[in-house]
Amino acid sequence: MDDLIHFVFGIFGNLTALFLFLAPLITFKRIIKSKSTEQFSGIPYIMTLLNCLLSAWYGLPFVSPHNLLVSTINGTGAAIESIYVILFIIYAKPQKVRVKMLALFTLILTVFAIVVLVSLFALHGNSRKLFCGFAATIFSICMYASPLSIVRLVIKTKSVEFMPFFLSLFVFLCGTSWFIYGLLGRDPFVAVPNGFGCGLGALQLILYAIYRKNKGDKSEPKTTDTKDNSVGIEFEKFQQGKQTNSTYPIEQNGQV
């Protein structure tokens with residue numbers, strides 16, 4: 001029964017994390033259409049990509065047994081985030097932003113390569129799991145911490161204009177499901193960072209409840225069809241509001 005419950009929470013975590021990974025599609029539709037990254041920050045995508053790479057590696061059977069669901073969703077997330085990062089680099093303006101993103105992209109790939117090589121050739125057994133687990137945990141927490149700037153903005157402006165409800169909800173659900181998954185599997189490297197994500201998601205929902213009536217200046221002209229894209233607009237505003245750092249999401253993205 002415990003194994004079944006463990007599996008169910010893993011599946012639920014995969015679904016909620018996939019939603020978070022796909023959430024920025026509206027943002028990138030806007031970027032491609034305008035051929036500019038405008039004021040969006042690319043760092044959340046970089047941080048989420050590194051987190052996905054490290055977590056996918058950690059979940060592989062020869063590193064961490066019984067965590068294949070961790071690898072499947074993070075492998076998928078790494079592919080999705082790679083596309084986001086490449087698109088961001090292509091449309092980044094001004095030039096210094098593009099150079100910065102390229103440098104960060106190279107850096108995270110180097111970090112991942114080092115972790116892989118060290119774990120493959122220098123470590124074995126439990127030491128390999130510990131090394132990869134600590135690496136994944138550190139960057140998972142960094143990813144989850146990336147939206148703290150939007151939390152600060154909400155408190156400062158007393159407005160949830162840049163913090164959409166559904167994205168905050170799924171951050172909470174994703175963090176909670178993987179936190180429980182980690183607890184059931186007695187895996188602190190899954191439970192700890194996702195416990196942090198669960199807490200952050202809860203904080204966002206509390207702030208939304210407090211400031212939900214304040215959503216910015218309603219007199220500003222809309223450039224998109226509100227009827228068809230109300231949720232999409234919220235996602236765009238959420239991404240635009242991130243100015244720190246990267247998960248989710250980050251941008252917020254589901255850590256797994």
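Predicted model: local features only at pLDDT ≥ 70, side-chain atom pairs only at ≥ 80, totals over all residues.
Residues are numbered from 1 along each chain as its sequence is written, and side-chain values use heavy atoms, with hydrogens and water left out.

Now the overall picture. The protein has 10 helices and zero strands, where helices (H or I, at least four residues) and strands (E, at least two) are DSSP runs numbered from the N terminus. Of its 256 residues, 48% are buried; buried means under 20% relative accessible area, exposed over 50% and partly exposed in between, with a 1.4 Å probe and protein chains only.

Back to that crossing. Helix 3 covers residues 43–58, and its axis comes within 9 Å of the axis of helix 6, at roughly 155 degrees. Axes here are lines fitted to C-alpha atoms, for helices over the stretch in contact, and angles run from 0 to 180 degrees between N-to-C directions. That angle makes the two helices roughly antiparallel (over 145 degrees; under 35 is roughly parallel, 65 to 115 roughly perpendicular and the rest oblique). Which residues of helix 3 and helix 6 meet? On the helix 3 side they include Met 47, Leu 50, Leu 54 and Trp 57, and on the helix 6 side they include Lys 129, Ala 136, Phe 139 and Met 143. Contact means heavy atoms within 4.5 Å. The residues of this contact divide into 11 nonpolar, five polar and one charged.

Next, look at helix 2 (residues 25–34) and helix 4 (residues 68–91), which pack at about 25 degrees with their axes 11 Å apart. That makes helix 2 roughly parallel to helix 4. This crossing is left-handed. Leu 25, Phe 28, Ile 31 and Ile 32 in helix 2 meet Tyr 84, Leu 87, Phe 88 and Tyr 91 in helix 4, and the contact is made up of eight nonpolar residues, with no polar and no charged ones.

Ala 78 is buried, with a relative accessible area of 8%. Setting aside neighbours within four places in sequence, Ala 78 touches Leu 49, Cys 52 and Leu 53.

Finally, the rings. A pair of aromatic rings is described by the distance of the centres and the angle of the planes. The structure holds nine aromatic pairs: rings of Phe, Tyr and Trp (its six-membered ring) pair if their centres lie within 6.5 Å, and planes under 30 degrees apart count as stacked, over 60 as edge-to-face and the rest as tilted. Phe 28 and Tyr 84 are stacked, at 4.8 Å centre to centre and 5 degrees between the planes. Phe 28 lies in helix 2 and Tyr 84 in helix 4, so the pair ties together parts 56 residues apart in sequence. Both Phe 28 and Tyr 84 are buried. Phe 134 and Phe 189, by contrast, sit edge-to-face, at 5.1 Å and 70 degrees.

Notes
Left-handed = near helix turned anticlockwise from the far one by under 90°. Nonpolar A, V, L, I, M, F, W, Y, C, P; charged D, E, K, R; others polar.
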